[in-house]
Amino acid sequence: MRKRTVVGETDPVLARREPSSIMQIDDTRSTVAACSDSQEPEWVLVVPDIDDSSVSRHDSELVGAGRLIAGELGACLLVLTFDEAAHIDWQAFGVDAVVRAQRTTSGAYEPERDALLVAAVMERWCPRHCLFSDKMFGMGEVGRRVVALKDLDCIAGAIEIGNGGVRALARANSHEFTAELPSVIFLESGVRCASAHKDVHASAEYQPPQIPEVTTNLKVQATRRTDVTTLPLADAHFIVAAGNGISDWQTFLRVANALNATVGGTRVVCDRGALPKSRQVGTSGAMVSAGCYVAFGISGAPEHLAGITSCSNVVAVNTDANAPLLRRADLAVVADANAVLRSMLQLVERPVMVGAA
Amino acid sequence: MKPKVAVLVAGGRHPITDRFRRAAAESTALSIALRGAPSSCVVVHASHDAPDVLRWYASAADLRAVHLHIQPAADPCIPLANFVRDQGMQIVLCGIRAESGFSSGMTPYRIAAALKWPILPAISELSWDANGVTGVQSLAGGRQRELRCPMPVVVTTVARSVALPFAWARCRHAVVETHDAAGGVDVWSTRTLTKVKSRSPAWQNALFEGSPAERLSQIFDVQPRRQEQVLSTDARTAATRILDFLARKGAVEWPAHGSGDLSA
């Protein structure tokens, strides 16, 4: 029997469990009152997002936070997933039980139906606490629908969980507050929790409760892909930006197009008219949060650096080795940006290179 | 016939200076309402204090502005829902998440639940006809999802770059109707907000020392985080290193060998 590692107190309920056993849930139990009278273990429910059919870092944090709360309460951790997560082995994440639900169409946007399903799961398993991501799409949206539907107490923007309490951000992240753990917690990304990958043990698997057929109000009419190069900078995930060091604009735009990246620029180049004002990155333009930001010929004025503080990965190409942006960059290249762009164009315009979605 | 639109607004706060301003998401909601139904649009705000916030939004056009006066610890959702129902509104527009208060993003969902209306969340564009509304959600990676929903409906908007007309003189002269409204006890009222401490010292220093550029540099302190550096190399090698880096980060698909030697 592998040892279960939980941050906090030893879990007395789980300590009695055989890892290979499947707990039998009384199907007749459907109310919170019945839950409190039963001898069944308490549950903590986590509903991860599962973007791109994989467990993201934030999903892992959600499971870690759920396990932390379950450990403190002596409860079991239940995860509700949909069909896009069918292949994920939740045993490896220290989950005690999994409810695998199916959508009418795989990957469909059905927040109203998902909310009813989550509400049905909450009614059947009566979890003491439920955790959702704090995003406004995906399960964050579904969680808010459930909270409104069942009139539950909730806290959004949670950044710290422990000792039966939660610390959360408010007022556009400028303030914070602490409170006792509510029924539903919306967890911010980047929260440090117990590692979800160190607790490997057997977990049970359940079918979701049946929900009646619902007539949804929201109908998806179309899903389309817009031209990434002209995407609003605030929405862009991959930006190629130009500064005063760029003179070969045709090559720059061809590289951005070949890389399938959104075009950005500094205030200087936008003021000069080389790029439209909507392409300006910085405090007087757009504050961007791209996963990758490639800066060609940008030295890094403070206003520009302020605009890219949320970018995860920054590449900077500049002839000045002391440019502030090179200090900020994850990959700093001391070279002529125009020459690098020309070489890059030769490489990326080959047919083997395809811009990722 | 144009639908009656209520735009629910709250005050905004600058994310760093915490100064009062119009909230970005609510401004987007108002701009959408003004594009579609300027004559049948009402700006509504529920709070216990002075309705200055309403003047900021009402100054955008000659709009009817309504302040629902509630007790300090009262829940604003019920008075707002009652007002919307009593006035025969068909579309409620509001920001996806308040910049003031507890910013939980729950208010639109609670109002929709109280009204038993559907909710169309996180919309960046909206149009309507006699049968319903069509909204566009902007998703990651440049994808857009077009959704159709019958009226009446609650619609939440994400913050976009909008330039509402604004003038201090009109702001001063905006007429605000005040209605007393009763609401249940807000569970959030027992929770106390405190300013995030970690930001204060840097800001205090930054606000009083140096030139504007130096103060900005202090605030957004550039921590050395360089993991890789390419020095004095030829352009082709530099280009290859950049593409290898982007491929590792998942931004582009790049040949697995990634050496840049593509002559073969």
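In what order do the four strands of the open antiparallel sheet stand? In this predicted model, the order is β10(A)-β10(B)-β9(B)-β8(B). At its edges stand β10 (219-225) of chain A and β8 (125-128) of chain B. Each has a single partner strand, so one side of each is left without a neighbour in the sheet. Neighbouring strands are turned by 15° against each other on average, direction ignored. Within chain B, β9 (residues 132-138) and β10 (residues 143-150) run antiparallel and are joined by seven bridges. Gly135(B) stands opposite Leu147(B) of β10(B).

The chains also meet through helices. Two packed helices are described by the angle between their axes and the distance between the axes. Helix α10 (residues 337-348) of chain A and helix α8 (residues 235-248) of chain B have axes that come within 8 Å. These axes cross at roughly 65°, and the crossing is right-handed. On the chain A side, the residues in contact are Ala339(A), Val340(A), Ser343(A), Met344(A), Gln346(A), Leu347(A) and Val348(A). Their counterparts in α8(B) are Ala235(B), Arg236(B), Ala238(B), Ala239(B), Thr240(B), Ile242(B) and Leu243(B). Ten residues of this contact are nonpolar, three are polar and one is charged.

A further link between the chains involves Arg144(A). This residue lies in helix α5 (residues 138-150) of chain A. Its relative accessible area is 0%, so Arg144(A) counts as buried. Neighbours within four places in sequence are left aside here. From chain A, Arg144(A) is then in contact with Asp134(A), Lys135(A), Met136(A), Ala156(A) and Phe186(A). From chain B, the contacts of Arg144(A) are Arg97(B), Ser104(B), Gly105(B), Met106(B) and Tyr109(B).

Chain A as a whole has 357 residues, of which 58% count as buried. Its secondary structure comprises ten helices and 16 strands. Among contacts in chain A with a separation of 6 or more, 62% join residues 24 or more positions apart. Chain A exposes about 14,800 Å². Carbon and sulfur atoms supply 48% of that area.

Chain B holds an open sheet of seven strands with parallel pairing. The strand order is β7-β11-β6-β1-β4-β5-β12. The edge strands are β7 (119-123) and β12 (176-180) of chain B. Each has a single partner strand, so one side of each is left without a neighbour in the sheet. On average, neighbouring strands are turned by 25° against each other, direction ignored. Six bridges pair β4(B) with β5(B) in the parallel sense. Val43(B) stands opposite Ala65(B) of β5(B).

Helix α3 (residues 77-86) of chain B has the buried residues Cys77(B), Pro79(B), Leu80(B), Ala81(B), Phe83(B) and Val84(B). After α3(B) comes Gly88(B), whose phi is positive, near 70°.

Technical notes: Residues are numbered from 1 along each chain as its sequence is written. Chains are lettered from A and ligands numbered from 1 in the order in which they are written. This is a predicted model: local features need pLDDT of at least 70, side-chain atom pairs count only at pLDDT 80 or more; totals for chains, interfaces and linings use all residues. Side-chain values use heavy atoms; hydrogens and water are left out. Two strands pair if DSSP finds at least two bridges between them. Helices (H or I, at least four residues) and strands (E, at least two) are DSSP runs, numbered from the N terminus. Axes are lines fitted to C-alpha atoms, for helices over the stretch in contact, and angles run from 0 to 180 degrees between N-to-C directions. Buried means under 20% relative accessible area, exposed over 50%, partly exposed in between (1.4 Å probe, protein chains only). Contact means heavy atoms within 4.5 Å. Accessible areas come from the Shrake-Rupley method with a 1.4 Å probe; for residues, only the protein chains shown count as cover. A crossing is left-handed if the near helix is turned anticlockwise from the far one by less than a right angle, and right-handed if clockwise. Ala, Val, Leu, Ile, Met, Phe, Trp, Tyr, Cys and Pro count as nonpolar, Asp, Glu, Lys and Arg as charged, and the others, Gly among them, as polar.
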